[in-house]
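Dear colleague,

Please find below the structure for your review. My notes on its helix packing and aromatic pairs follow it.

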Amino acid sequence: MSYQVLARKWRPRTFHELVGQAHVQRALVNALDQGRLHHAYLFTGTRGVGKTTLARILAKCLNCTANGRGDEGITSTPCGQCDSCQAIDEGRFVDLIEVDAASRTKVEDTRELLDNVQYAPTQGRYKVYLIDEVHMLSTSSFNALLKTLEEPPPHVKFLLATTDPQKLPPTVLSRCLQFTLKHMPPERVVEHLTYVLGEEGVAFDESALWLLGKAAEGSMRDAMSLTDQAIAFGQGAVRHADVAAMLGTLDHRHILGLAESLADVDVQRLLSEVAELAEQGPDFAAVLDELSSILHRLAVAQMVPDAVDNSHGDRDAILQLASRFTAEDIQLYYQIGIQGRGDMVHAPDLRSALEMTLLRMLAFRPQGVPKPPRTPLPLRREPSQSAATETSAQVAETPSPAPQPSPAADAKPEVHSTPGAQPETPLEPSPEQTASAAEEEPPLQEPPPWAVEADTQASEVEAPQQAPEPEAMSESELVTEPVPASAPSPDAEPQTVEPSTVLAPEAFPESRPDIQSGKLDNAQWLQCFDSLGLGGLTRNLAGNCLVESDDGTLLTLRLDPSQEAMQAEVHQTRIERALKEQGMPRRIAFYVAELSNSLETPRQREERLNKERHAQAVDLLNHDPHVQKLQQAFGAKLIESSVKPADAMR
């Protein structure tokens with residue numbers, strides 16, 4: 001079956017058979033039914049979307065004689081059986097003058113064409129001039145046509161078709177009723193090809209039709225032509241492998257495999273996918289372009305899942321894959337891919353350039369997260385009642401005893417009532433104890449950006465837990481001098497407290513909260529946070545948390561959504577170990593939700609204290625007599641942003 005036979009057999013004969021142009025169909029049908037006809041119509045759109053076919057259908061509507069030969073015979077549903085309809089379908093209707101403006105651009109051709117406009121139609125009701133690619137006419141030809149468009153005879157209709165309406169003079173555009181035909185999406189092309197091949201009894205693979213729909217680039221005519229070629233190439237069947245070989249396109253499944261390897265941080269599989277692609281001899285620059293396109297679709301899927309482009313028929317796979325990336329990783333990978341595309345011209349060969357770009361994506365990935373967490377879609381959503389319901393449900397699922405006052409907590413004195421201590425002064429351990437703690441607890445190494453075997457990861461996490469716990473220090477080691485029972489003397493420094501004295505539980509029983517007999521609340525979390533000795537990414541993660549609930553075994557921390565990507569098992573293990581060393585054995589669970597404005601995280605508390613110290617330092621400088629003299633003598637100005645408290649400079 002040749003392309004001409006296939007295309008003509010399935011060419012639309014009426015408006016209702018036109019594929020994908022419902023907006024134009026509705027306007028023309030209503031105009032024909034109501035008798036509101038214009039003398040000039042302009043159909044615009046890309047190639048192969050049905051401009052000329054639509055013009056021929058309109059010519060049949062204007063000249064169909066099934067309902068009579070007068071003006072009342074004009075219909076929006078031509079019969080296709082009368083002499084006029086059959087003559088138009090067969091291309092022998094005398095009063096339908098089709099002109100290819102691309103081959104007849106001279107003004108003489110246009111004048112010769114318009115010389116017969118004044119004569120009445122011979123066979124039909126209207127004389128119809130169908131001028132294809134009208135934008136190819138010269139300026140003189142447009143001037144010759146313009147006079148006729150301004151005052152056409154009542155028996156003449158002009159149907160103009162063009163792929164580039166911007167080249168038409170505004171004077172011509174203003175005298176035409178313009179209709180813009182839509183670009184055919186791959187979904188619509190695949191749907192129509194499925195129907196056509198089903199009616200023809202041709203076996204096909206759905207994935208092969210998606211390749212044809214993508215290659216057609218919005219043109220239904222090109223899709224039909226490529227389908228005819230695929231039938232011939234596949235010996236009567238349309239198969240995925242045959243269509244991919246015929247079109248010479250990349251196998252999209254390999255590109256998805258690259259994206260899945262990035263999601264799993266699996267370098268071995270990543271290089272294996274590149275090796276399989278290399279066997280097909282592809283354009284590696286096109287491979288990187290396709291991968292960047294997938295990353296763009298993943299970003300869209302995270303933000304607005306309903307807006308994902310389904311040009312490859314893989315919408316479900318893209319939505320599932322998007323939940324395995326963090327938004328930061330996708331943006332980073334896309335930027336590296338675009339940059340690597342420009343660097344390919346400087347690489348020794350394109351395959352090595354592609355591999356280096358892919359490895360660079362994983363090498364520069366944030367190291368605090370061994371494996372990307374699952375990302376709920378859509379990524380951004382407005383606060384709703386459902387979010388509040390989920391929050392209350394999760395809190396309800398966390399077992400916690402009834403809030404009863406603990407006798408030990410009632411009997412314990414308040415921190416601020418302890419004589420000889422300054423409650424507002426941050427208490428820090430001595431350098432000797434900090435050094436000893438560092439020797440006892442070796443720092444965890446950050447995990448590599450590639451996949452590691454499970455036993456290796458387990459050993460890295462469990463190694464610090466197997467270290468022997470430090471024995472309790474004796475009272476003589478902790479307390480170097482007795483604590484005075486009375487208030488300190490005026491000569492003593494009011495803001496100085498010996499760190500060794502602070503660490504003695506007998507001297508200050510309120511310096512460390514008694515958590516073993518009760519629950520850990522947010523105030524106690526703030527009080528013991530600095531003594532946990534957390535650092536780096538772990539401290540940043542824990543510092544952005546509030547205490548959600550504590551039942552003595554499980555401590556649920558509410559995490560700021562901006563820090564959600566930092567969740568990792570290694571950080572959770574460090575926090576659990578630090579709590580255990582402080583006499584508060586707990587299992588940690590993170591709960592991502594908006595933080596309460598009435599409570600303060602350790603990070604927010606630290607920032608507030610820093611601002612207060614900075615404001616106090618600025619105030620002291622402004623009232624310093626030496627600074628005031630400099631300002632008066634030289635007009636000096638105090639740069640407040642450069643002021644740092646003395647404790648911050650140590």
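Contact here means heavy atoms within 4.5 Å. Helices (H or I, at least four residues) and strands (E, at least two) are DSSP runs, numbered from the N terminus. The model is predicted: local features need pLDDT of at least 70 and side-chain atom pairs count only at pLDDT 80 or more, while totals for chains, interfaces and linings use all residues. Residues are numbered from 1 along each chain as its sequence is written, and side-chain values use heavy atoms, with hydrogens and water left out.

The axes of α16 (residues 327-343) and α17 (residues 350-363) come within 9 Å and cross at roughly 150 degrees. Helix α16 is therefore roughly antiparallel to α17 (angles over 145 degrees).

Helices α25 (residues 536-543) and α26 (residues 569-581) pack at about 80 degrees, their axes 10 Å apart. They are therefore roughly perpendicular (65 to 115 degrees). Leu537, Thr538, Leu541 and Ala542 of α25 make this contact with His571, Arg574 and Ile575 of α26.

Turning to the rings, there are 6 aromatic pairs (ring centres within 6.5 Å; stacked if the planes are under 30 degrees apart). Tyr41 and Phe179 are stacked, at 6.2 Å centre to centre and 20 degrees between the planes. Tyr41, Phe43 and Phe179 form one aromatic cluster.

Yours sincerely

Definitions and conventions: Axes fitted to C-alpha atoms, helices over the stretch in contact; angles between N-to-C directions. Parallel < 35°, antiparallel > 145°, perpendicular 65-115°, else oblique. Phe/Tyr/Trp six-rings, centres within 6.5 Å; stacked < 30°, edge-to-face > 60°.
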